[in-house]
Amino acid sequence: MPDDVPDDVPDDPLVLGIETSCDETGVALARGFELLHDTVASSVDEHARFGGIVPEVASRAHLEAMRPTIEATLGAAGAALGEIDAIAVTAGPGLVGSLAVGLATAKALAFALDKPLYGVNHVVAHALADQLVHGPFDGPTLALVVSGGHSSLLVIDGAEVTELGQTLDDAAGEAFDKIGRLLGLPYPAGPHIDRLARDGDPRAIAFPRALTRRQDLEKHPYDFSFSGLKTAAARWIEAAADAGREMPLNDFAASFSEAVADVLTSKTIAAARALGLGTVVIGGGFSANSQLRDKAADRFAAAGLDLRVPPISYCTDNGAMIAAAGVHAIRRRLAPSALDIGADSSMAPQQFVA
Ligand code: KG4
Ligand code: ZN
């Protein structure tokens, strides 16, 4: 691993962020925590008919989109490649073929421009993105990162990241997408269930809250599990069909969303209390969910916690979150990544920079 950050990298560096962990090709340019421009090309429409991401299709789409996306970002920000101080790229977790496209691009740019490369962790970057909106974190921060691929509770203290817990099976967004599929909703179904839930009664159906009983809490105080909920919801749909009942879509969506938001917020509050942390940041594509946002706002305020949650455009996969992670690393004077780092499909959040 190379030595510390080169001396000529400023505290407010111009950082190019490249994200290709899933189906979005994201490229952004930030100066310090000020976002200059963010361009996202998505291949989601190409996957929709399969009901999920097809890795090979995603990799090819990244290859095609990469160059135009970089050019669009530089053009819109009025910046030249030569002005960039550092390049940040997602090193993991994610689809290995997709990650490889971003990494190869970032390494080539870092080598050609002779600038430091930061291979950063996608999950941690979801939480760090909020600094582009609400400024630098002020001390240790509890982070709830929820998306289609991950549900994690982290403590971010400068460059140190500790994972308190994560999902033992499905991520929250994944459970929404799978149940949405059973309901015949288009992929990704999360936003559609959210919309249906707004007009439903969250108390209509009592869905299970996994890992919240006393004996489970002793072993898994901050872990999540959504596969039991998913099975219970699938059985409910089946039973309604067998009985020839019409699905009460709004009440079903509201009760399902309530079960997820309830567990996510109650475990986050328990962690904040146990660790004496006063600030919680929420990130990841699932944090667009209105039931989670509303519940977090109410419950965290009642618990005396400060809530940091960026606008939805900062929560989905994009280059801005990766540029923010690069700035975060540079401000902590972390050593850049070696030019031979590989894609790490299961990169642990403790490893914030590869
Ligand atoms: O972070 P993200 O863009 O990609 C991953 O890294 O997974 O998250 C996408 C996930 C999908 O599962 C999608 O259904 C879910 O976030 N999602 C939502 C909402 N918006 C996106 N789930 C529930 N409610 C929403 N409003
Ligand atoms: Zn993500």
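This is a predicted model: local features need pLDDT of at least 70, side-chain atom pairs count only at pLDDT 80 or more; totals for chains, interfaces and linings use all residues.
Residues are numbered from 1 along each chain as its sequence is written, chains are lettered from A and ligands numbered from 1 in the order in which they are written, and side-chain values use heavy atoms, with hydrogens and water left out.

Now colour that shell by class.

Pick Asp194: an N or O atom in its side chain is 2.8 Å from a nitrogen atom of ligand 1. Over at Gly190, a backbone N or O atom lies 3.2 Å from an oxygen atom of the ligand. Then click Ser147, where a polar side-chain atom sits 3.3 Å from a ligand oxygen atom. Taken alone, ligand 1 exposes 550 Å², and the protein buries 87% of that; these areas come from the Shrake-Rupley method with a 1.4 Å probe.

Helices are DSSP runs of H or I with at least four residues, strands are E runs of at least two, and both are numbered from the N terminus.

Rolling a probe the size of a water molecule over the atoms shows where empty space is left. On a 1 Å grid over the protein atoms alone, a pocket is an open set of points with protein on both sides within 12 Å along at least five of seven lines, a cavity is a set where a 1.4 Å probe fits but cannot get out, and lining residues have an atom within 4 Å of a point. The space taken by ligand 1 is the largest pocket, since a molecule sits in a pocket if more than half of its atoms lie within 2 Å of its grid points.

How many residues line the largest pocket? There are 39, and Ser147, Gly148, Gly149, Asp177 and Tyr187 lie nearest its centre. Helix 6 gives the most to this lining, with six residues. The pocket's volume is about 1,200 Å³, a volume being the space filled by probe spheres set on grid points joined across faces, edges and corners.

For the largest cavity, select Pro208, Ala210, Ser225, Phe226, Leu229, Ala259, Val260 and Val263, which line it. Its volume is about 30 Å³, and helix 10 (residues 249–275) supplies the largest share of the lining, three residues.

Last stop, the backbone. Most residues other than glycine have a negative phi, and most peptide bonds are trans. Zoom in on Tyr187 and Pro188: the bond joining them is cis, with omega near -10°. Gly92 and Pro93 are also joined by a cis peptide bond, and Pro93 lies in the loop between strand 4 (86–92) and helix 3 (96–113). Finish at Asp114, which has a positive phi of about 55° although it is not a glycine.

Note on methods:
A polar contact is a pair of N or O atoms within 3.5 Å; within protein, one must be able to donate a hydrogen and the other to accept it, and residues adjacent in sequence count only if both atoms are side-chain atoms.
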